[in-house]
Amino acid sequence: MVQRVSTVAFEGIEARAVDVQVQVAPGLPAFNIVGLPDKAVSEAKERVRAALVASGLALPARRITINLAPADLPKEGSHYDLPIALGLMAAIGAVPHDALAGFTVLGELGLDGSIAAVAGALPAAIGANTRSEGLICPAACGPEAAWASPEMEIVAPSSLIQLANHFKGTQVLSRPKPGIRAEAPGAVLDLADIKGQERAPSARSRSRPLADTTFS
Amino acid sequence: MIGPPGSGKSMLAARLPTILPTLTPAELLEVSMIASVAGVIENGALTDKRPFRSPHHSASMPALVGGGLRARPGEVSLAHHGVLFLDELAEFQPHVLDALRQPLETGEVAIARANHRITYPARFMLVAAMNPCRCGRASDPGFTCRRGPNTRCAAEYQTKLSGPLLDRIDLNIEVPAVTAADLILPPPAEGSKEVALRVARARAIQADRYAALGLPGITTNAAVPANLMEEVAKPSATGLALLRDAADAMRLSARGYHRVLRVARTLADLEGADKVGRVHLAEALSYRALTDEIRRAA
């Protein structure tokens, strides 16, 4: 049986849907990732293995094949760790089979099972929202992804165990709040700091149109 | 901005974002998407401040326009809807600067590589600062350069910039050196807050005008198509005569001509004037005079 998890690949600022297919089949024990992975994606193998062990799970001694479809689109970045790990967990029954349906997943795993921040959470969230899917992203990216839409479901766990508990219902995670950066105290710049440039014809009055015309 | 070292060019540029209005929600989303893909959002928190990017002059072409291993957004895209400040403009590699020409005109940058064909938005305000010559003091009164006549030294230095790039710079100003007497004076009465208010008022006028003309999405004079610009910035009769003479004398390109109109329209907006008068055109043309000088020296 093939377990499917959806994730994204970035093309500029567009997030294209990518299907992670996980098959655990009888045969010589092996762990392969196919579908044009780059170096960071191929290395996901080791991170996923270690993160599952740290979470109290072991990879089954069977033939594991991961396919990233569409297979001709180059996959780059470290955000495929989490969908691969979740697909495996679903395939071996650590999380319910249907728990991942309707979610776009991205995140990077640490060897201890923690989920680290990745680039591109906002475009991924917007992409997921247009496909009317929810999003599972690292806790650090939650406030960013929450900007995509106030309605969509967002789960932002900080570790694999937290996420497993969320699906089991023992520790349900709340939706992250959209974050806005607080003003850095102290370093406030002001035009009034500049002296000696107001002589006629002043740079000050000149810097005014500068602000308006060239900007669009 | 051209001026001797220590005259406050970088300080002026760094304070430019403080007089700009905050990002609208749509702009905020666009800016944040680029920042997100580049991985420069800290702790997942967005900001409605306009971006201000000031790359060092050793910047390479992929760093500036985007590219590299994963076709990442460059500085021009990270400065989308904000300010790209190039300090020591003449020290940048010429081919890197000329790569800015297309994004400056179209507001986006298309990166084509063997494995990637990607278009990033790049509608930014370019601000550049440089010294007038290598020693930086060519414009000081009474200064004689060791490298020959001041004008030749300055011309040599300034010809590092290509004509087409200079043609795309609307406002050229000379920032004079500051004396100790200036620094002792009390701070100017007008700070960023007052100027920002004026900017916001002018922008509101522009947004209203283009909304009335049925052009949603266009909120500034800079974004208006050229044919419409000729209409909304129709100068008075005396202004037209001035513009015709000046265009001949300064050998304005077609782009230069339209850009002068845009600047004049904005100056009129800042004053709250309905019509573009001769005085607005004269001021707009004066900002172009320096470009003309450099080109003539070359």
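Me: How do strand β3 of chain A and β4(A) pair, parallel or antiparallel?
Reply: Strand β3 (residues 30-34) of chain A pairs with β4(A) in the parallel sense over five bridges, and the bridge partner of A:Ala30 in β4(A) is A:Arg63. Strands are DSSP runs of E with at least two residues, helices are runs of H or I with at least four, both numbered from the N terminus, and pairing needs at least two DSSP bridges. This is a predicted model, in which local features need pLDDT of at least 70 and side-chain atom pairs pLDDT 80 or more, while totals for chains, interfaces and linings use all residues. Residues are numbered from 1 along each chain as written, with chains lettered from A and ligands numbered from 1 in the order written.

Me: And which way do β2 of chain A and β4(A) run?
Reply: Strand β2 (residues 14-25) of chain A runs antiparallel to β4(A), joined by seven bridges, and A:Val24 stands opposite A:Ile64 in β4(A).

Me: Which residues of β4 are on the covered face?
Reply: In strand β4 (residues 63-69) of chain A the covered face holds A:Ile64, A:Ile66 and A:Leu68, whereas A:Arg63, A:Thr65, A:Asn67 and A:Ala69 make up the uncovered one. In a regular strand the side chains alternate between the two faces of the sheet.

Me: Switching to the largest nonpolar core, which residues touch the most other members?
Reply: Of its 134 residues, A:Ala85, A:Ala145 and B:Ala264 do. The largest share of this core, eight residues, comes from helix α3 (residues 81-91) of chain A, and the core also draws at least three residues from each of domain 1 (9-184) and domain 2 (192-297) of chain B. A core here is a set of buried Ala, Val, Leu, Ile, Met, Phe, Trp, Tyr and Cys joined through C-beta atoms within 7 Å; buried means 20 or more other C-beta atoms within 10 Å, exposed 12 or fewer, partly exposed in between, with C-beta atoms placed from the backbone.

Me: What does B:Ala264 touch?
Reply: Leaving aside residues up to four places away in sequence, B:Ala264 touches B:Ala233, B:Val276, B:His280, B:Leu281 and B:Ala284, where contact means backbone-placed C-beta atoms within 7 Å.

Me: How many residues does the contact take from each chain?
Reply: The contact takes 57 residues from chain B and 42 residues from chain A. Elements giving two or more residues to the chain B side include α2 (25-38), β1 (45-46), α10 (192-212) and α13 (254-271). By class, that side has 33 nonpolar, 16 polar and eight charged residues, with Ala, Val, Leu, Ile, Met, Phe, Trp, Tyr, Cys and Pro as nonpolar, Asp, Glu, Lys and Arg as charged, and the others, Gly among them, as polar.

Me: How many bridges join β10 of chain A to β1(B)?
Reply: Two bridges join strand β10 (residues 179-180) of chain A to β1(B), and the strands run parallel; the partner of A:Gly179 in β1(B) is B:Ala45.

Me: How far apart are the C-alpha centres of the two domains of chain B?
Reply: The C-alpha centres of domain 1 and domain 2 of chain B lie 22 Å apart, with the bounds coming from an automatic or database assignment. In chain B, 17 residues of domain 1 are in contact with 18 residues of domain 2, and α7 (150-158) and α8 (163-167) of chain B each supply at least two residues of the domain 1 side.

Me: What about the burial of chain B as a whole?
Reply: Of the 298 residues of chain B, 41% count as buried, and its secondary structure comes to 15 helices and eight strands.

Terms used. Two residues are in contact if their C-beta atoms, placed from the backbone, lie within 7 Å.
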